[in-house]
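Hello,

Here is the structure for your review. My notes on the ligand site follow below it.

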Amino acid sequence: MHIPAPIAYILQKLAAAGYEGYLVGGCVRDFLLGKEPSDFDITTSALPEETMAVFAADRVIPTGLQHGTVTVLHDGMAAEITTYRTETTYADGRHPDSVSFSRDLGDDLCRRDFTVNAMAMDAAGNIVDLYGGRADLDAKIIRAVGDPTLRFTEDALRILRAFRFAAKLGFTIEKNTLDAAITLAPRLTLVSRERVFAELEKLLCGASAGEILSIMADGGVFEHIFEKPQINTAALRYIDSLPPRADIRLAALLDGDPHADMHIASLKTSAHFADSVKAILACELPNTSELPALRRVIFTSGKQAALDRAQIEQDPALYEALSALIENESCFTFADLAIGGGDVIAATNLRGKAVGEALQSLLFAVFDEKVANLREDLMDYLLKS
Ligand code: ATP
Ligand code: MG
C-alpha cells in the first residue's frame with residue numbers, strides 16, 4: 001500500500017498539530033482491494049478553520065466550508081479534507097437537515113453508506129473498521145451501514161449506489177440491503193436527475209453490469225427511474241461484452257422502447273451523450289453487408305453509431321465489415337466529396353435546394369461506385385446526368 005507523498009504530508013501535518021487525520025471511504029476500499037484509488041479523501045478531527053490554519057503555508061481552497069470540506073493543494077496533488085461529521089434527519093430524502101461537526105471518528109464512519117466504504121486508514125496503514133467492512137470486502141458483499149431501510153429512507157441515492165458498487169466491484173448485495181433497496185426504490189423519484197445519471201453511468205460501465213441490471217429489472221427498479229420503461233432484458237445477457245461506455249450500454253438497455261428518447265431526455269445528461277444514445281437507437285442497419293448499403297448507413301447514422309449498433313445487435317460480421325470500410329475508405333458525407341456546392345453552382349444553372357440534391361446524387365453515385373470521388377470525374381458525372 002503506497003500513500004502518495006503529498007497525502008502522507010497532509011496526514012503528518014494534521015498529527016503534528018494535535019489532530020486526528022485518516023484516509024477514508026473509497027480510497028481505503030480501493031487500497032485494500034489492491035487497486036489504485038481515483039482520489040484521496042481525508043477525514044479529520046480538526047474543524048475547518050483549524051484545518052485551514054494547519055495548512056496556512058499551502059494552497060487551501062474552502063471548497064465546502066459549511067459541510068466541513070477544504071481542499072489542500074500540495075506538490076501538485078489535491079486532497080479533500082473534511083471534518084468528522086454527523087448528519088441529522090433527512091426530511092426530503094435527499095439532504096440532511098443539518099450537519100454538525102464532531103471530534104469522534106466513529107460519528108463520521110456511521111453516516112457512510114456501505115461497510116466497505118466506511119473504513120478509515122491512518123498514515124501507518126492501520127485500519128479503523130467498525131462495521132466489518134474488511135470481512136465484507138473479502139466476501140465481496142455490499143451491505144448498508146446500520147439499518148438499510150433507515151439508510152435508504154434518509155438518502156434514496158444510496159439505493160442506486162448499492163447497485164453501482166455491486167456492478168463495479170462484482171459484489172453481491174446482502175439480502176436485507178437488497179430487499180430494502182427494492183422496497184424503497186419508489187423513493188428514487190426524490191433524487192435529482194443529475195445524481196441519478198451520475199450513478200447510472202458508473203453502474204452501466206461496471207464489469208458486472210448485466211447481472212445487477214437484471215436484478216434491478218426483476219425488482220422493478222427502473223419503473224422509478226424512467227416513466228413506464230420497456231427494458232430490453234434480452235440485452236442484459238451480453239451487455240458486459242459491450243465496450244464499457246454508458247452511451248452504448250444505455251442504448252442496449254432501452255432498445256425497442258418506443259419512448260427511449262424521452263427516457264434519455266429525462267436524465268440530465270450532456271447533449272453530446274443524449275445525441276449519441278439517440279443516434280445508436282435510430283440507426284437501422286441493412287440486412288446485407290454489401291458495401292453501398294454499408295456506406296449509406298454510415299452516411300445516415302455516423303461512423304460510431306453504426307459500429308455501436310452492430311455491436312448491440314450482436315452482429316460481429318457486420319461490425320467487421322463496417323470497421324474495414326471506415327478504415328479503408330474516406331467518403332461518407334457531403335464534406336468528404338471532392339467537389340462542393342460552389343462547384344455545382346459554377347458549372348451548372350442549378351440553384352438553391354437543387355444544389356444539395358445534386359450533391360446527394362453524386363454522393364450516392366460514389367457509394368454505388370458509379371463514379372470515383374475525384375474532382376474531374378465528379379464534374380463530368382454532374383454535367384452528364
Ligand atoms: P469512487 O471510487 O467511485 O469515487 P467512492 O467510494 O469514493 O467511490 P464517492 O461518491 O466519491 O464514492 O464518495 C466518497 C465516500 O463518501 C464513500 O466511500 C462513502 O463513504 C461516502 N458517501 C458518498 N456518498 C454517500 C451517501 N449518499 N451516503 C452516505 N455516504 C456517502
Ligand atoms: Mg470518490
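**Ligand 1 site**

The largest pocket is the space taken by ligand 1. A pocket here is an open set of points on a 1 Å grid over the protein atoms alone, where a 1.4 Å probe fits, with protein on both sides within 12 Å along at least five of seven lines. A molecule sits in one if more than half of its atoms lie within 2 Å of its grid points.

This is a predicted model: local features need pLDDT of at least 70, side-chain atom pairs count only at pLDDT 80 or more, and totals for chains, interfaces and linings use all residues. Residues are numbered from 1 along each chain as its sequence is written, chains are lettered from A and ligands numbered from 1 in the order written, and side-chain values use heavy atoms, without hydrogens or water.

The shell has 15 residues (a heavy atom within 4 Å of the ligand). Arg 29, Asp 155, Arg 158, Arg 161 and Arg 164 come nearest. By class, 10 are charged, 4 polar and 1 nonpolar (Asp, Glu, Lys and Arg count as charged; Ala, Val, Leu, Ile, Met, Phe, Trp, Tyr, Cys and Pro as nonpolar; the others, Gly among them, as polar).

α7 (157-169) and α2 (26-32) each give at least two shell residues (helices are DSSP runs of H or I, at least four residues). α7 gives the largest share, 5 residues.

Now the polar contacts (N or O pairs within 3.5 Å). A polar side-chain atom of Arg 158 is 2.7 Å from a ligand 1 nitrogen. A polar backbone atom of Asp 113 lies 3.2 Å from a nitrogen of ligand 1.

Regards

Notes
A polar contact is a pair of N or O atoms within 3.5 Å; within protein, one must be able to donate a hydrogen and the other to accept it, and residues adjacent in sequence count only if both atoms are side-chain atoms. On a 1 Å grid over the protein atoms alone, a cavity is a set of points where a 1.4 Å probe fits but cannot get out, and a pocket is an open set with protein on both sides within 12 Å along at least five of seven lines; lining residues have an atom within 4 Å of a point.
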